Amino acid sequence: IAQRLARSGYKVTLNYANDDNRAAAALDLCRESDPGTRLVKADIGTADGTAALVRQAVETFGRLDVLVNNAARIIDKPALEMTEGDWDRVMDVNLKGAFLCSQHAARQMRTQDDGGVILNIGASTGIRGRRNGVNTCASKAGLMIMTQCLALELAPEIRVNTIIPGLTVTEETSRRFDLGDPATRRGREESIPLQRLGQADDVADAVILMLASESGFITGQKLIVDGGQNMW
């Protein structure tokens, strides 16, 4: 998403939590398109962290037009074995963090003549649950309702929507769902009408679509990007 935004002419501020090396690698990729891309390390699970993130973005670029809430944490366990800490750590990033980022970003966007756009990156398991992920599923379900609430409160200056990827190939999903095994991967693909798994570019395409002027009358909605696997 960040690379696509940089290639599309947006000035990007990247935020990360822990992995300095991978964050630096992501920054390098974005800077191939825009050398001015900024990297910030902020804890979005706290009001101070989100305020610092927004402040640094605005100090660097002078304004804030788009917020993409893409940060997520997954701690999978059976519901009866899940600890309070397992629940809180997921909620702090996936739901509370998205709210705090949206709150601070919206305050800035409302000072601008043309407002802005907030895009929340959800998950299909926010609509259809799965085993051993009650914390993650609940957080993503909450994110969709939060999107509608913010869309109502922040209109007309700010549009707020959710993009909901289906199973998308990343290092994390490849490991968690054993997608390196050809038989396992093919079984997943056969459950999808378009006969393939999602790619990161598919999600980035959806972000650009929802930022286009042609989407200017869309707010409070969910865009499902899953190859037709679940036609809700």
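Trainee: How far is the backbone oxygen of A98 from a polar atom of the N69 side chain?
Mentor: The two lie 3.4 Å apart. This is a predicted model, where local features need pLDDT of at least 70, side-chain atom pairs count only at pLDDT 80 or more, and totals for chains, interfaces and linings use all residues. Residues are numbered from 1 along each chain as its sequence is written, and side-chain values use heavy atoms, with hydrogens and water left out.

Trainee: And which side chain makes a polar contact with the side chain of N69?
Mentor: That of S102, at 3.0 Å. A polar contact is a pair of N or O atoms within 3.5 Å; within protein, one must be able to donate a hydrogen and the other to accept it, and residues adjacent in sequence count only if both atoms are side-chain atoms.

Trainee: Is N69 buried or exposed?
Mentor: N69 counts as buried because its relative accessibility is 7% (buried is under 20%, exposed over 50%, partly exposed in between, with a 1.4 Å probe and protein chains only).

Trainee: Where is N69 found?
Mentor: In strand β3, residues 66–69.

Trainee: New topic: at what angle do the axes of α3 and α4 cross?
Mentor: Roughly 40°, with the axes of α3 (residues 47–61) and α4 (residues 84–109) coming within 9 Å.

Trainee: Nice! Which residues make that contact?
Mentor: On α3, A47, T50, A51, L53, V54 and V58; on α4, G97, L100, C101, H104, A105 and Q108. Contact means heavy atoms within 4.5 Å.

Trainee: How many of them are nonpolar, polar or charged?
Mentor: Eight are nonpolar, four polar and none charged.

Terms used. Axes fitted to C-alpha atoms, helices over the stretch in contact; angles between N-to-C directions. Helix = DSSP H or I, 4+ residues; strand = E, 2+ residues; numbered from the N terminus. Nonpolar A, V, L, I, M, F, W, Y, C, P; charged D, E, K, R; others polar.
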